[in-house]
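Hello,

Here is the structure for you to look over. Notes on its aromatic rings follow below.

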Amino acid sequence: MDNLKITLQYLLPKHLISRLVGKLAAAKLGWFTHFLINRFIKAYGINMAEAQFENAEQYASFNEFFTRPLKDGIRPLAIEPHIIAHPVDGCISQLGSIVQGQLVQAKNHNYSLQALLGGDIATAEPFMGGEFATIYLAPKDYHRIHMPITGTLRQMIYVPGDLFSVNPLTAENVPDLFARNERVVTIFDTELGPMALVLVGATIVASIETVWAGTVTPPAGKHVFRWNYPAHGKTAITLEKGAEMGRFKLGSTVVLAFPANKLQFLAEQQAGTVTRMGEPFAKLN
């Protein structure tokens, strides 16, 4: 059965399916939208008591529900200046050192940092020998992404690609998964140097958004797009630790990369650890 699931992912028109689902998710269909939301809540056991709006009827579209805000204070932020916070609710897939430009995807599967970040060696170079973490967001999770540390945006890169599922089964069986899927790479200047925060697309992820650019995916064409941003001045974009930086319309994965010798992941953080946005994740060296 697992082999069949993987084979189907290679054969199915993933982009077409994702765009069609995206149109349905964005549509305001009244009772039918509320029916879909209620079925989704039941199927995935979503804790709507955490949501700012608890009832399906309060959401005009499935996308509004899926990117729902949480109640104030429901995710306390680790405010200690030496602590890096979790950026999302999810589950740690992998974390560790970037060795010879490679990140661990799953057992017996590594992939290229340079490819993940869009193919430019100059973009990848600051993170060589550093640390990385991959966090998977399941359908039940809160799908807004927040800053783990205060940072000033310097670059955003859209990388076209496939739309394989990013669940654990696919990560264990599809080579170079995160470096072949459609993604948005963001590079921030922080107190520990540059930080890469990569938002990876997946099957039926209708779009990826950032707070400064709105919907980033999918633009037309199959080319890598790059946007550069100023470090200083009125047009500089600085986001404080804990601030929202983006969101997935349907679920996916984030990958973080940091320079060498700048941080240590906390001892309890390891593959399989459930994450909650704002909780302590790592500490500065």
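**Aromatic rings**

F40, Y44, F53, Y59, F62, F65 and F66 are joined into a cluster by ring pairs. The model is predicted, so local features need pLDDT of at least 70, side-chain atom pairs count only at pLDDT 80 or more, and totals for chains, interfaces and linings use all residues. Residues are numbered from 1 along each chain as its sequence is written, and side-chain values use heavy atoms, with hydrogens and water left out.

The pairing rule takes rings of Phe, Tyr and Trp (its six-membered ring) with centres within 6.5 Å; planes under 30 degrees apart are stacked, over 60 edge-to-face, the rest tilted. That rule gives 15 aromatic pairs. One of them is W31 with F32, edge-to-face, at 5.8 Å centre to centre and 80 degrees between the planes. For accessibility, buried is under 20% relative accessible area, exposed is over 50%, and partly exposed is in between (1.4 Å probe, protein chains only). W31 is exposed because its relative accessibility is 68%. F32 is at 29%, so F32 counts as partly exposed.

F40 and Y44 make a tilted pair, because their ring centres are 4.7 Å apart and their planes sit at 40 degrees. They are four residues apart in helix 3 (residues 31–44), so about one helical turn separates them. Helices here are DSSP runs (H or I, at least four residues), numbered from the N terminus. F40 is buried at 16% relative accessible area. Y44 is partly exposed at 40%.

Best wishes

Conventions. Helices (H or I, at least four residues) and strands (E, at least two) are DSSP runs, numbered from the N terminus.
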